[in-house]
Amino acid sequence: MFYREAGQYKTTYAADMAIFPIRQDRFGVALILFVAFVIIPAFGGPFFLNTMMIPFLILSLAGIGLNLLTGYTDLLSLGTGAFMGVGAYACYKLETAFPQVNILVWIVTSGFVSAAVGVAFGLPSLRIKGFYLAVATLAAQFFLEWCFSRVPWLVNDNDSGAIEVPNATLFGVFVTGPNATPTTRYLVALTIVAALAWIASNIVHGRIGRMWMAVRDMDIAAQLIGIRLLNAKLLAFAVSSFIVGVAGALMVFLWLGAAEPAAFNIDLSFEILFIVIIGGLGSIVGAFFGATVMHLMPIALRALPPMVGLPIEAARVDQLTTMITGILIVVFLIAEPHGLARLWRTAKQKLRVWPFPY
Amino acid sequence: MKRSLLKSLVGGIALGLALPAGAALADDSIYVPLFTYRTGPFAGSGTPIADGMHDYLAMLNARDGGIGGVKLVVDECETGYDTKKGLECYDSVKPKNPVLVNPWSTGITLSLIPKAAVDKIPILSMAYGLSASAKGDVFPWVFNPPATYWDGLSEILKSAGGGSIEGLKGKTVGYLYFDAGFGKEPIPLFQTLAKEIGFSLKLYPVAAADMQNQSSKWLDIRRDKPDLLVMYGWGAMNPTAIKEAVKAEFPMDKFISIWWPNDADVAAAGDGAKGFRELNWHATGANFPALADIQKLVIGTGQSQTPKDEVGSVLYNRGVYNSVLIAEAIARAQAITGKKAVTGEDVRRGLENLDLDAARFKALGLENFAGPLKTTCLDHNSHSATFVQQWDGAKWVKASDPIGPDTARVRPLLDEAAANYAQKNAWPVRSEVCDNK
Amino acid sequence: MDLLHAVFVDPVAQMISAPDLLAQTVWEGFVAGVLYALIALGFVLIYKASGVFNFAQGIMMVFAALTLVGLAEKGVPAWIALGLTIAVMYGLAVGVERLVLRPLVNQPDIILLMATLGVTYFLIGFGELVFGGNPKSMITKELFLPSGAINLALFGGRVQLQKLDIAAAAIAIVMVAGLAVFFQKTRIGRALRAVADDHQAALSVGVSLDQIWVIVWFTAGVVALATGIFWGARSDVSFALQVVSLKALPVLILGGLTSVPGAIVGGLIIGVGEKLGEFYWGPLLGGGIESWLAYIIALVFLLFRPQGLFGEKIIERI
């Protein structure tokens, strides 16, 4: 009734292929952006912004990055955490070497470093597939993690072996470091995430995206119709690692504030993979759904008992949360193996014909 | 996207608004959050500490009705030794006006150090965290009494060198460490000393993933035959290392650890671990009036998860010591400001004016529990002496007199590290007033 | 030149000059390899029969060992505790089959992998809830596992063999032999192999998939228990052990996901390779290289044989 495209004629191919072909969708996106850019910063408390929204955005971004690789090109990677680390350490090195350049420039630039490393570790993907490739990316995970803790140059010879975030400003406002307000950091993260999500969405809708999907669906067939596997796979690694690297830099500079190598361990890789799969392989929106389930839901679960006034010990709550998260993962997978994005699509389809489905 | 945001919005606003509202604490209480970990790979070390911290504060509430007549609200937050969860804990307790935080993880401490001055919440990282934060003129909001890892190292080397580090000249010293910020910190001091004194240093890093898979490190140790093996371990690394040492028949009199292995870690290795030594600065055993009060008023009344035999173990008593410092800081803050319900800023001043001498320990029901501790505005650590204790197969026995740190050698490094940190991070100059007379 | 010397000549010189240390290193690698192989074996069993890459194998090991020790701590006699633990692992197998595998039948591999990660989360939370997060000591004495060591005077030095490690190796061999006989000679074993070859064909000749899955998950659970007992006895039973199980992944890749002998050979290559590498070449890079060396070894093998040493040849069809 409210969500139908009757009367919206498409006269060009471009209009038909637009990312949001329906007017209501464009309204919806505008509304979301309005809420995200205006309402949330205006009314969100520091806990909401710091602990929920900023990590949510950053993890979603990493999810988008991994989705380009795993969801669109079918290259399973378990090295996401380490590639995030590459972005973070690159950003730290660049920022400390050239503090006069704005931090945001370095956050984006660090993505290129991560992309280069990603391509190097993507090379075996030409020969190895599936779970075998996943283990090859584990080599990247453990090797890079080892580098973070073993190469003192990466941390500017800090005794603690950790990287620290300096105070940096943009137009005279603190954007990183302890003096930056949660609202500022949230807005910076939101802007970068929204921009990269938009770019990623355009990439997957275009020629490159189709090339990747052809490779995903059957790489030999794709090769036969003239797609160079080498280029397609390495490009997927490069773009994916770029986005993941930026997410890593954001994670340290806007969220954690300091990081030890352990921040980029295998658990982070798994968390991002969860986000992609729960959200939906091959879907940009899915990453946001996935991050909701994997990041926001446990926080809500942990907050629940004290809110209801249940006297459960902190450790018990944590154990229950882990357990319930595990159960919910299985439940989500059984309910919709194609991820929440598919549910969302189904819901939209239903809404389109509501209230007269026949 | 719409849905996810809506969902998170609803949940978030509920949380964001409900938390501060629900936490609008009455004036007649002091909020003390405890960051603990009873889950995850480090739970073995984290649990007794959490129990000790919790029980002492709960005992003060039960016995004295809090501190200075003000009830303490003790709240545990589970970090799992994970920096991200630690930050979540920090953000969730911040609206409730905590008077201080105890991160109990070097990683979390490093993330919180820059925030402390901005949020006005002092950090008590007791004998862990950033060694350089001992310098109160640079880090007014961070406290790491009673000794830093560098002090500890110099104390170990002094004791092994027969009273002074020079005794190690020409020897081979091995360093078996947890390969993270905590274990890496002593390395610069170690290297400086190796060059200056002339001993050779062998490093044996143990990665977090290989905590329970150390056999190749012990092969290295067998090859290098160090005359002294120093260990900085945590969590499951400690019991595994001690077991490997027993298996490799490494002589226990050449093996000495920093202050973290617990009774259970050593006992797990059986009889072979007899003679294992570690540093400590407080007593073990439960033979103190305050600990008896805990057993009667807290554990006896079922207000605690502590198993009976845990009281008196190294890390339980460590947790108690941590809470003694918290309580003392609050009491000092009350004395300085004359307020009852003190804030984080007041407790920072309290922490800067700690003066725990033998008489004070006696008054607390902890006579001879630990050596004296005194902090000042410049010295947030007190660089206390520690002693060596030895495992006799069932309990710890004091095996040395108090050993002070080699201040002459540690001090310059500490100054340099603090200056370095300040310079790298464009650190603000201290503006907090000093109460020391 | 110095570099070449340090990389190629020096380690060999060290090996020759101290053959007892070399022997000891190889032995330690062998023992670690046996344990890696046992974890890998659990993976292979399940992958073969159901195509599931069972990530929960590591936590199953911890969970089984924890159950055993936890029951013993509650005062249950060791042998009864062992029986009960096996019963718990059977219950787990049935539960996983009913609640996770059956509803997810015919889904893509990656979804099944995710589901086992969900099971991992559940078992971590559940295990900590029931048994607490404290590390526990394995009840070696009660299970009549030997302790102490045999010191051999070899090559002018000494080589120390832990009796416990010898027992671990012996039990691993017995288990692998038992599984081989089980697979080759019994009815269920044949049904298992039929399922591994072709699910649908097996179904059509009357093999019950559900039953087979319960059996493989249960077998993997028993293998996990054996691994947990030995690894727990070497260090401690704690949740940190789960991380060690990641070492089984390169083993699997090296040996091939579907090959039982591959898991054993792969385990030994990785175990010995990483200890030798860490011991002789680790110091050149500052140590700690064993955290990734296994993966690099596996990767190099993979570049030449993408299906692993003993894996079935991947045939691509269009």
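**A helix crossing in chain B**

Author: The crossing of α2(B) and α12(B) is right-handed, meaning that the near helix is turned clockwise from the far one by less than a right angle. Helices here are DSSP runs of H or I, at least four residues, numbered from the N terminus. This is a predicted model: local features need pLDDT of at least 70, side-chain atom pairs count only at pLDDT 80 or more, and totals for chains, interfaces and linings use all residues. Residues are numbered from 1 along each chain as its sequence is written, while chains are lettered from A and ligands numbered from 1 in the order in which they are written.

The axes (lines fitted to C-alpha atoms over the stretch in contact, with angles from 0 to 180 degrees between N-to-C directions) of α2(B), residues 43–64, and α12(B), residues 314–337, come within 7 Å and cross at roughly 45°.

Who touches whom? Contact requires C-beta atoms, placed from the backbone, to lie within 7 Å. On α2(B), the residues include Pro48(B), Met53(B) and Tyr56(B), and on α12(B) they include Tyr316(B), Arg318(B) and Ile326(B). By class, this contact has 13 nonpolar, six polar and two charged residues; Ala, Val, Leu, Ile, Met, Phe, Trp, Tyr, Cys and Pro count as nonpolar, Asp, Glu, Lys and Arg as charged, and the others, Gly among them, as polar.

As for neighbouring chains, 48 residues of chain B are in contact with 49 residues of chain A. On that side of chain A, α12(A) gives the most, with nine residues.

Technical notes:
Helix = DSSP H or I, 4+ residues; strand = E, 2+ residues; numbered from the N terminus. Contact = placed C-beta atoms within 7 Å.
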